[in-house]
Amino acid sequence: MTTPPVLASTREELAALLAEARRSGERVAFVPTMGALHEGHASLMRTAREATDGPVVVSIFVNPMQFAPTEDLDRYPRTLDADLEVCAAEGVDVVFAPSVEEMYPGGFSHDSVHDGVTVAPGRLATILDGASRPGHFDGVLTVVAKLFGLVRPDVAVFGQKDYQQLALIRLMVRDLCLGIEVVGGETVREPDGLALSSRNRYLDPDQRQAAAALSRALRAAQDRAPYGVPAARWAAMAVLKAETGLELDYLALTDVDLGEAPEVGEGRILVAARVGTTRLIDNMAITFDRIAAPAGTAAAASTTH
């Protein structure tokens, strides 16, 4: 039988539960989430458990600051009882599930949020998802900074599916000298390649099938990346354009820090699209080269586009 984690809903309860670990110098591992937990989250908890013999803390908080007024805050799934079962199965010690009032004691609204101190994420937050969702990463980094201050972890684990978020959190930890090891957990996928996401439950069967084209496009780009950046982009776009159920937001090929894609070397390919009313993101590692493609292949044709 699994031992359920201890649930804390206030700052004082969380501090009391972690006091002994802090006194004894135990290493605290932390996995921030918005709940609606699935196997992807569970894999992050396992990574956190591997990082410490001390307590593993999971937060469950749907952060209003990272949602625009027109986005899906109200319908975002809240499944605390089921989430606690996932945490218990993975050996989590403490679950911190605060209210909005606990996290934003001065009150929160999109009109007045800037009355308080927030984290300005910088240029990296203005591209890709930041361009499509202005202010989103201000909300992400602000709440993560708050959670870091409350949990005071030694190591924090985030999923690579939200790659831009992971890059920004690493940048915040570095630039603000927070002294936390940030670990990126591998993306967990369905058998057809679709990245696990709490938003997948919004998809009907036809939309679910269309959504699988995102990972197919990324893998097509990986296959053509040895022939260069244009060939990789062409291959991905060919898959995406063939899927009528997708409304593409962006497809980006970058270096590992989300800068310009290198002609040769390691990089990242990232995609965002709407399937019905649901916005999905995905990304994969990619290795670029400049091998000449055989004449008559898609890779060769792409160099003329």
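Guide: One term first: buried means under 20% relative accessible area, exposed over 50%, and partly exposed in between (1.4 Å probe, protein chains only).

Visitor: Got it. What kind of model is this?

Guide: It's a predicted model, where local features need pLDDT of at least 70 and side-chain atom pairs count only at pLDDT 80 or more, while totals for chains, interfaces and linings use all residues. Residues are numbered from 1 along each chain as its sequence is written, and side-chain values use heavy atoms, with hydrogens and water left out.

Visitor: How many helices and strands does the protein have?

Guide: You'll find 11 helices and nine strands, taken as DSSP runs (H or I, at least four residues, for helices; E, at least two, for strands) and numbered from the N terminus.

Visitor: And how compact is the protein?

Guide: As compact as a globular protein of its length, because its radius of gyration is 20 Å, close to the 19 Å that the globule rule gives for 305 residues. The radius is taken over C-alpha atoms, and the rule is 2.2 Å times the number of residues to the power 0.38. Along the principal axes, the C-alpha trace spans about 65 × 45 × 40 Å.

Visitor: What share of the residues is buried?

Guide: Buried residues account for 51% of the 305.

Visitor: Switching to charges: how many salt bridges are there?

Guide: A search of the whole structure turns up 14, each being a side-chain nitrogen of Lys or Arg within 4 Å of a carboxyl oxygen of Asp or Glu.

Visitor: Which residue does Arg23 pair with?

Guide: Glu20, with the closest N and O atoms 2.9 Å apart. Arg23 is exposed at 63% relative accessible area, and Glu20 is partly exposed at 45%.

Visitor: What about Arg46 and Glu90?

Guide: Their side chains form a salt bridge at 3.0 Å, N to O. Arg46 sits in helix H2 (residues 39–50) and Glu90 in the loop between helix H3 (80–89) and strand E4 (94–96), so the pair ties together parts 44 residues apart in sequence. Arg46 itself is partly exposed, at 32%.

Visitor: Where do Arg208 and Asp192 sit?

Guide: Arg208 is in helix H8 (residues 205–211) and Asp192 in the loop between strand E6 (181–185) and H8, 16 residues apart, so to speak of the chain, this pair links distant parts. Their salt bridge is 2.7 Å, N to O. Arg208 is partly exposed at 23%, as is Asp192 at 37%.

Visitor: Which residues share partners in one network?

Guide: Glu39, Arg46 and Glu90, joined by their salt bridges.
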